[in-house]
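Please take a moment with the sequence and the 3D structure shown here.

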Amino acid sequence: MHVVPHTHWDREWYEPFQRFRLQLVDLLDTVLPRLEADPRFRFTLDGQTAAVDDYLEVRPDALPRVIALVRSGQLAVGPWRVLADSFLCSGENLVRNLEIGLARSAELGGAMRVGYIPDQFGHTAQLPQILRGFGFDQACLWRGVPGSVDRHAFRWVSPDGSAVRTEYLPGGYGNASVMFTDPAKTVERSIAFAEQMRAWFGDTEPLAMYGTDHSAPIPTLLDQVGAVQASGAEVTLRLETLAEALAGRDPEEAGLPEVLGELRSHARANLLPGILSVRVAVKQAMAEAERMVERYAEPLSALWCPSAAEPFLSMAWLRLVDASCHDSVTGCGADTTAQQVAARIAEAEQLGSAVRDRTLNELAATAPADSVVVVNPSAHERTDLVRCQVVAPEEWADVALELPDGTLMPTQEIGRAERNLIDATFPAADVVNAVRRRTFGQVMYSRAIQRAEISDHTVTFTVGRIGDPGYDVERFADELTEAVAAAAPGDWRLRVIDEPSRELLALTTAPALGWTSVRPRSGAATLSAPASIVDNSLHNGLVSVVVNEDGTLRVTGADGTVLDGIGRIVDGGDAGDSYNYGPPVTDTLVDKPTSVTIVNAETGPLVAALVVLRTYEWPLGLVDFDGTARTSETVSVGVTTSVELRVNEPFVRVEVSFDNRSVDHRVRFHLPTVRTATSSHAEGQFSVVERALVNEGGNGEHPLPTFPASSFVDAGGTGVLLQNVTEYEVSSDGSDLALTLLRATGAISRNLHPLRAEPAGPTTPIPEAQVPGVTMSQFAILPHTGDWASANLVDAAERYRNPLITVAGTGTTDSLASAEGTTVTGAMACGLRQRNGLELRLVSYSDDASTAKVSLPGLTSAARVDLTGAVLEELSVANGSVELPMRPWEITGVRLTR
């Protein structure tokens, strides 16, 4: 029997990171000397290098010892940086996790060549392909395995056909944790364990995982193993690392059951799906930070400002990867843990936005000072709305934006800045100091000084975005002092006047992963199909929205599909915990508002928007901890639903917000399906997964059919575009799709749960997970005929989630210009980075083989590369473009040199 001494190290969970690190240091301070004292001893450090680095930060002198033990084969580290909960981060995050972990493992003496993912709450469909992309042919895991797997190993296959031999851990990653707790019973328990495992392993030597959460092997382990050997028992124990234990398994073993796609079954272990909807704000922040780094900062800096990227993007990625850790982004930890995770995510976003803005400023310096630079994060040309501020004389009745080719693009004015920043009177003796106190270098009131004038007891400053670099406050103060002395007695007037600026929505075109500069012109550009409001209904020539009397929506899609009754808000009780939703014994569902008010917000021509205000009476909470019922006492809650149509967009943008003052409840947004759904499709982590309306149960956990979706979910012709990972459920009759807006709970785990047979963790109170205060969700609705592919939901989600961005020009040139970056057709560009040139991540979102075409001005050479960056084949370049065949659902890379 292969005994694997190990620990499962939750980096942060019911205790925050630093408190758990103290225990980690104690553990490794014990384990390392034991490894050094006896070459027979083995230890597997949970598949994640973060635990090593967390230790070495406290014990830096231990680095040579760690390296020696890894090289000797006694200590197994890596291959991951952290054990990520793969449904709650992006696919690129998973790639960088393995990349960072493997690089660090190499520095420590070499990675364990097993894709070890022991405790995550299910596993995404493309993980086998990602593992294969890094040269792994074996995985090892516990949760999510379906009931069809009746042995200790199976062939796990990604949608593209990539497969890894996967070792299933019957009973979990600690299935042999009690084998050595009583020295007198070690032989007996070893025999019993071997017999217990025979149903899974047959005649194959069983794997015994000796370890559990935050634990070290007992000091007498080697003696007890020796006692079993000396006893003459039929069982022989061999201490090994996990890599050693699986080294004898054949990765191409024939006859294994095959499992295609994601692992989300409850049959073999608790899946704990409630983590998808607890602390929704953390999931929202994670998605925003990931997009900032991987869709804006990294690709734009790689193309247009490479010097801005490092080390800041590496720092951002490390924080994003660390935040993806099991029990971190999941939200099923202590409030202090959630605070730390939120701070880590915020730092990643700040690093990414700093790199993005540095890149934008470089582009701004090449554009006229009176222009706006529009930047496109997508690998195809886009014509979409941007929000920008321009300088325009007040006498201009209308403003259009001029493209470099002279085309005028339409705008919609949404506001004008206040021009009079100050108009005050000062005694003559004080006016000079009043000017000094309000001037910081060449800035007044956060605006640059363009001109300063003295006339008739009046000092007038004209300020704006770009000032006069020759202005000197002390020189002007001297001039003002002389003017005051020479003037007749009396008070002085100080005026600061801003340049005339307007905030606009503008329709503009930008090239693929490139930029264009535009400038304001007097006049109006025409629109063939403007957005408008007519009698509480919105229209844009593609889609129309009517608000019903109860506040729900009736949407007619671009293809004529009608969806009526969208937006029923349902509030119900939740007697569960952070791991699982739990219905009260007697629930009170509230789905009818007490009042409905409709307000016009934007009337067109580029954006038309309505605000639906609905008031509900929601119970305050549960009558008791056991969840017998909800309280009769209620609180009045106003739910605001903003509904927006933009010109040229085939979907309806929706934002729902409310001030949550109840506890222990769940709020969901319901949409009818266009036609009866027999399944759902959801995008996430480089794939689109089809799911049944029911989930497989077993193991004491009720298999609620609540699932994650990252950029969109589609059921029965009802497509919903998403900003972040969102929990959804399709009703058993296929007529209704529900999105979870909020799930408020007050405990990490309950010992007695209505839908789960056993505790999932400690009963630590987590009052912040009740989510008091304002909560907000954003998504878009796209009803359609056909399936998700024919409705182009992947492209629609790209457009919805990754808007064009702008920066004001600061250059000295007078000419408008544009520049194209990387253009991709036939596949989705999911990332672009600097690594030995430009490296593009491509994903085929199709069931069919395809040919991707990549174009880049100045392209001289190209090569297909794997996930490690290693060259697989050189590609022929013709006219600045390269073509490469792609398997269905293939993830690949292209290295570009220009």
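**A helix and the pockets**

In the lining of the largest pocket, the largest share, 8 residues, comes from α9. The model is a predicted one, in which local features need pLDDT of at least 70 and side-chain atom pairs count only at pLDDT 80 or more, while totals for chains, interfaces and linings use all residues. Residues are numbered from 1 along each chain as its sequence is written, and side-chain values use heavy atoms, with hydrogens and water left out.

Helices (H or I, at least four residues) and strands (E, at least two) are DSSP runs, numbered from the N terminus. Helix α9 covers residues 280-304, and its 25 residues reach 35 Å from the first C-alpha to the last, close to the 36 Å expected, where the expected span is 1.5 Å times one less than the number of residues. A kink of about 30 degrees is centred on V293 in α9, the bend at a residue being the angle between axes fitted to the seven residues ending there and the seven starting there. Of the 25 residues of α9, 20 are buried, where buried means under 20% relative accessible area, exposed over 50% and partly exposed in between, with a 1.4 Å probe and protein chains only.

The largest pocket holds about 1,100 Å³ of space. It is lined by 40 residues, and those closest to its centre are R646, R653, Q723, Q778 and P803. A pocket, on a 1 Å grid over the protein atoms alone, is an open set of points where a 1.4 Å probe fits, with protein on both sides within 12 Å along at least five of seven lines, and lining residues have an atom within 4 Å of a point. Grid points are joined across faces, edges and corners, and a volume is the space filled by probe spheres set on the points.

The second largest pocket holds about 540 Å³, and among its 24 lining residues L260, G261, E262, V689 and E690 lie nearest its centre. Strand β36 gives the most to this lining, with 4 residues.

**Along the backbone**

Most residues other than glycine have a negative phi, and most peptide bonds are trans. The bond joining G78 and P79, however, is cis, with omega about 15 degrees, and P79 sits in the loop between β3 and α4. The bond from G604 to P605 is also cis, with omega near 10 degrees.

D327, which is not a glycine, has a positive phi of about 75 degrees, and D327 is buried, with a relative accessible area of 3%. N879, again not a glycine, has a positive phi of about 55 degrees, whereas N879 is exposed, at 83%.
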